[in-house]
Amino acid sequence: MTLQTTRLRLRPFREDDVQAIYDNSAAPEVGLNAGWKPHESLTESYDVLHLMFLDQPTVWAIERRGDGQLMGSIGLIADSARQCARSVIRSARRTGAGDI
């Protein structure tokens, strides 16, 4: 399923997102704020893509419609302490840009 606004597209992750995931996730301010260490290699990002993002029905890539840039992710995640929890991870380059 894909959802669109005038500026953003939420879509399933794809194999070719691995480089953008690495670029976003290697930034210390992204991972540390989300509770995980920055990615150290493209292989690490590939593993995360396959473990956490691909084929997950409640996790979407956040893509800027104008140029197709992957800006982050959003997901609904089961949490035993709550009925449901949400997670938003965004590119450090987009923080404060007003589009997420």
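Which residue does the side chain of Lys37 meet in a salt bridge? It's Glu40, with N to O at 3.9 Å. By salt bridge I mean a side-chain nitrogen of Lys or Arg within 4 Å of a carboxyl oxygen of Asp or Glu.

Quick housekeeping. This is a predicted model, where local features need pLDDT of at least 70 and side-chain atom pairs count only at pLDDT 80 or more, while totals for chains, interfaces and linings use all residues. Residues are numbered from 1 along each chain as its sequence is written, and side-chain values use heavy atoms, with hydrogens and water left out.

Okay, back to charges. By that rule we get seven salt bridges. Lys37 is partly exposed at 43% relative accessibility, and Glu40 is exposed at 63%. The cut-offs there: buried is under 20% relative accessible area, exposed is over 50%, partly exposed is in between, with a 1.4 Å probe and protein chains only. Then there's Arg14 with Asp16, 3.0 Å from N to O; Arg14 is partly exposed at 38%, and Asp16 is exposed at 55%. Arg64 and Asp67 also pair up, their closest N and O atoms 2.6 Å apart. And Arg9, Arg11, Asp17 and Glu63 are tied together in a salt-bridge network.

Next, helix 1. Helices (H or I, at least four residues) and strands (E, at least two) are DSSP runs, numbered from the N terminus. Helix 1 spans residues 18-25, and Val18, Ile21, Asn24 and Ser25 are buried in it. Those residues sit on the same side of helix 1, because they cover an arc of only 130 degrees around the axis, taking directions from the helix axis to the C-beta atoms. Their cover includes helix 2 (28-34), helix 3 (42-53) and strand 4 (70-77).

On to the strands. Strand 3 (residues 59-64) runs antiparallel to strand 4, with five bridges joining them; pairing takes at least two DSSP bridges. Ala61, for instance, has Ser73 as its bridge partner in strand 4. The two strands make a hairpin with five residues between them, and Gly68 in the turn has a positive phi of about 75 degrees.

The ring centres of Phe13 and Phe53 are 4.3 Å apart and their planes are at 10 degrees, so the pair is stacked. Phe, Tyr and Trp rings (six-membered ring for Trp) pair with centres within 6.5 Å; planes under 30 degrees apart are stacked, over 60 edge-to-face, the rest tilted. Phe13 is in the loop between strand 2 (8-11) and helix 1, and Phe53 is in helix 3, 40 residues apart. Both are buried.

Definitions and conventions:
Contact = heavy atoms within 4.5 Å.
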